[in-house]
Amino acid sequence: MIEQHYLDDVLLQLRKLKDQADKAIAQVDDDQLFAVLDPEANSIAVLMKHVAGNMRSRWTDFLTTDGEKPDRDRDREFVLEPEDTKTQVLSAWNDGWNRAFRAVSSLTAEDLGKTIRIRGEAHSVIEAIHRQMTHYAAHVGQIVLLAKHYTGRNWRSLSIPKGKSKEFDVAKSGAAYNFGRNARGSDA
């Protein structure tokens, strides 16, 4: 039971990462998608291209082949080419995430004990999942930071806006937290 709960949560957390990135990406215009802060920086589009390439490689035949596919050219993921239009980058991005969602959705409790390889290095399935989730979280954070930078005052918060915590202090159930109150609602 705990194994299925873990797999369900992995899928939920991956979906949250994609949703956060997609909401940030939706706030930038085409020029901002491809803009770089300096010559050594990555654009949002490059980060998307890299994550997509990583996902295609890692999640295709996840349990049966090395996670670093022989046809992956990682270095090219960091170079914008003429065919890298917004439409193409978004298509690759969505394909990568869909591969991750399908692969995780297909895993069973028994699969968690298996060993896979990434660049020839053995990983338990759980280790491989964590490796990928932390990698994606780092890049989603970069995407969000860049999108927030480019949109400035027009930024629409993806979580609780500054100075609005009290308005959002609710439990998972949607009810207000009882700060300093006992079960009957009076001060403790």
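## A walk from Asp61 through the helices

Let's start at Asp61, which sits in the loop between α3 and α4 (86-106); helices here are DSSP runs of H or I with at least four residues, strands are runs of E with at least two, and both are numbered from the N terminus. Keep in mind that this is a predicted model, where local features need pLDDT of at least 70, side-chain atom pairs count only at pLDDT 80 or more, and totals for chains, interfaces and linings use all residues. Residues are numbered from 1 along each chain as its sequence is written, and side-chain values use heavy atoms, leaving out hydrogens and water.

What is curious about Asp61? Its phi is positive, about 50°, although Asp61 is not a glycine. Most residues other than glycine have a negative phi. Asp61 counts as partly exposed because its relative accessibility is 46%; buried means under 20% relative accessible area, exposed over 50%, and partly exposed in between, using a 1.4 Å probe and protein chains only.

Arg119 has a positive phi too, about 55°, and is not a glycine either. Look for Arg119 in the loop between β1 (115-118) and β2 (121-124). With a relative accessible area of 48%, Arg119 is partly exposed.

Now step back to α3, the helix that Asp61 follows. Helix α3 covers residues 44-59, 16 residues in total, and spans 22 Å from its first C-alpha to its last. That is close to the 22 Å expected at 1.5 Å a residue, where the expected span is 1.5 Å times one less than the number of residues. Of the 16 residues in α3, 15 are buried, so the helix is mostly covered.

Next, find α1 (residues 2-25) and α5 (residues 125-151), which pack at an angle of about 20° with their axes 9 Å apart. Axes are lines fitted to C-alpha atoms, for helices over the stretch in contact, and angles run from 0 to 180 degrees between N-to-C directions. That angle makes α1 roughly parallel to α5, a label for angles under 35 degrees. Among the residues that meet here are Leu7, Val10 and Leu14 in α1, and Ile129, Met133 and Val140 in α5; contact means heavy atoms within 4.5 Å.

Finally, take in the protein chain as a whole: 6 helices and 2 strands, in the order α-α-α-α-β-β-α-α along the sequence. Buried residues make up 36% of its 188 residues.

Conventions
Parallel < 35°, antiparallel > 145°, perpendicular 65-115°, else oblique.
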